[in-house]
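Hi there,

Here is the structure I promised to pass along. Please have a look at it, and then read on for my notes.

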Amino acid sequence: MAAALEDSSFGRLLGALVSPGKTFRSIAERPTWAVALVTLLLASAAVGFVAGQRTDYRDVITASVKDSGREVPVEQLDRQVEMMQKAGPYLSALGAPLAIAFFSLVIALLYWIIFKLLGGDFSYKSALSVTLHAGMPSLVSLLLSLPVILSRSTLGYNDLKAGTFLQSNLSFLAPPDAKAWVTALYASADFFALWSLVLSIIGYRALSRLSTQAVATTVVVMTLLFVAVRVGLAALR
């Protein structure tokens with residue numbers, strides 16, 4: 001059973017979660033990435049579409065405009081709401097997978113470059129494989145989100161602001177009238193994100209053969225930089 005988890009592309013999806021040490025050592029020897037990427041894309045597309053169907057776009061757009069301090073004519077607001085009610089589910093189903101694909105490719109590239117500079121010797125394909133399998137907690141989060149979304153009749157601005165539908169982060173501690181960047185900062189302290197961080201350390205330790213301290217420091221610093229970018233983008237919005 002364990003060998004199957006480590007050696008097959010589908011088995012590694014579960015193996016990364018329940019047996020990360022053996023699984024990432026196997027990935028270091030024979031990297032695979034396609035099944036992990038496609039699974040994440042399909043899950044995110046499904047969640048995006050279902051969430052888009054239940055989103056109260058009037059509440060979301062109105063609150064977003066208010067948060068930004070802009071003045072938008074009622075006619076323009078009505079047109080935006082009408083357009084999003086028609087296209088929103090499809091845009092969400094397309095946008096979520098595109099975002100995951102883009103960030104997975106970029107994060108793997110950054111780790112590949114950094115660890116090569118530190119003395120690691122592995123291919124970009126290997127870095128992509130580790131990055132995607134270290135992201136399997138995100139798949140768990142997506143699958144758990146579906147019944148939560150389906151149990152709600154509508155999703156408003158406050159439901160979407162945290163970036164997750166689960167109570168897995170500290171966004172619930174943010175004040176109700178908090179700015180988007182404040183909520184994003186609280187939401188960064190997320191159980192599934194921390195789980196992925198640990199898996200990234202295990203994975204890149206097996207792949208790079210560098211010291212645990214060097215790998216852990218690199219992954220933590222990179223994670224903090226990603227959090228800073230996320231909070232910064234939320235502030236700009």
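Below is what turned up, grouped by topic. Please keep in mind that this is a predicted model.

**Salt bridges**

How many salt bridges does a search of the whole structure find? The search returns 3. As background, side chains of opposite charge can pair when their charged atoms come close.

One of them joins the side chains of Asp78 and Arg58, at 3.1 Å from N to O. Asp78 belongs to helix α6 (residues 74–117) and Arg58 to helix α5 (residues 57–68), so this pair ties together parts that are 20 residues apart in sequence. Both ends are partly exposed: Asp78 has a relative accessibility of 31%, and Arg58 has 39%.

Another is formed by the side chains of Glu82 and Lys86, with 3.7 Å from N to O. Here both residues sit in helix α6, 4 residues apart, which is about one turn of the helix. The general rule is that an α-helix has 3.6 residues a turn, so residues three or four places apart point the same way. Glu82 is partly exposed at 43% relative accessible area, while Lys86, at 60%, is exposed.

Then there is the bridge between the side chains of Lys116 and Asp121, at 3.9 Å from N to O. Lys116 counts as partly exposed because its relative accessibility is 36%, whereas Asp121 reaches 67% and counts as exposed.

What does Ile100 touch, once its neighbours within four places in sequence are left aside? The contacts are Leu40, Leu41 and Ser44. Ile100 and Ser44 are 56 residues apart in sequence, yet their C-alpha atoms are 8.1 Å apart in space. With 24% relative accessibility, Ile100 is partly exposed; the cut-off for buried is under 20%.

**Helix α8 and its packing**

Helix α8 covers residues 136–150, which makes 15 residues. From first C-alpha to last it reaches 22 Å, close to the 21 Å expected at 1.5 Å a residue. Its buried residues are Met136, Pro137, Leu139, Ser141, Leu142, Ser145 and Ile149. Which helices do these buried residues pack against? They pack against α2 (9–18), α4 (34–54), α7 (124–134) and α11 (191–208).

Thr23 is found in helix α3 (residues 20–29). Is Thr23 buried or exposed? Its relative accessible area is 0%, so Thr23 is buried. A polar atom of the Thr23 side chain lies 3.0 Å from the backbone oxygen of Gly15. Not counting residues up to four places away in sequence, Thr23 touches Glu6, Arg12, Gly15 and Ala16.

Ser188 sits in the loop between α10 and α11. Ser188 is buried as well, because its relative accessible area is 17% and the cut-off is under 20%. The side chain of Ser188 has a polar atom 2.8 Å from the backbone oxygen of Ala184. Beyond its neighbours within four places in sequence, Ser188 is in contact with Ala193, Val227 and Arg230. Ser188 and Tyr204 are 16 residues apart in sequence, and 22 Å separates their C-alpha atoms.

**On the surface**

Which residues form a nonpolar patch on the surface? They are Leu170, Phe172, Leu173 and Tyr186, and together they have about 370 Å² of accessible area. Leu173 lies in the loop between α9 (157–161) and α10 (180–187). At 49% relative accessibility, Leu173 is partly exposed, since exposed means over 50%.

Finally, a backbone detail: Arg209 has a positive phi of about 65°, although it is not a glycine. Arg209 is placed in the loop between α11 and α12 (212–236). Its relative accessibility is 68%, so Arg209 counts as exposed.

Key: Residues are numbered from 1 along each chain as its sequence is written. This is a predicted model: local features need pLDDT of at least 70, side-chain atom pairs count only at pLDDT 80 or more; totals for chains, interfaces and linings use all residues. Side-chain values use heavy atoms; hydrogens and water are left out. Patches are made of residues with over 30% relative accessible area and no salt bridge: like charges are joined within 9 Å, nonpolar side chains (Val, Leu, Ile, Met, Phe, Trp, Tyr) within 5 Å. Accessible areas come from the Shrake-Rupley method with a 1.4 Å probe; for residues, only the protein chains shown count as cover. A salt bridge is a side-chain nitrogen of Lys or Arg within 4 Å of a carboxyl oxygen of Asp or Glu. Helices (H or I, at least four residues) and strands (E, at least two) are DSSP runs, numbered from the N terminus. Buried means under 20% relative accessible area, exposed over 50%, partly exposed in between (1.4 Å probe, protein chains only). The expected span of a helix is 1.5 Å times one less than its number of residues. Contact means heavy atoms within 4.5 Å. A polar contact is a pair of N or O atoms within 3.5 Å; within protein, one must be able to donate a hydrogen and the other to accept it, and residues adjacent in sequence count only if both atoms are side-chain atoms.
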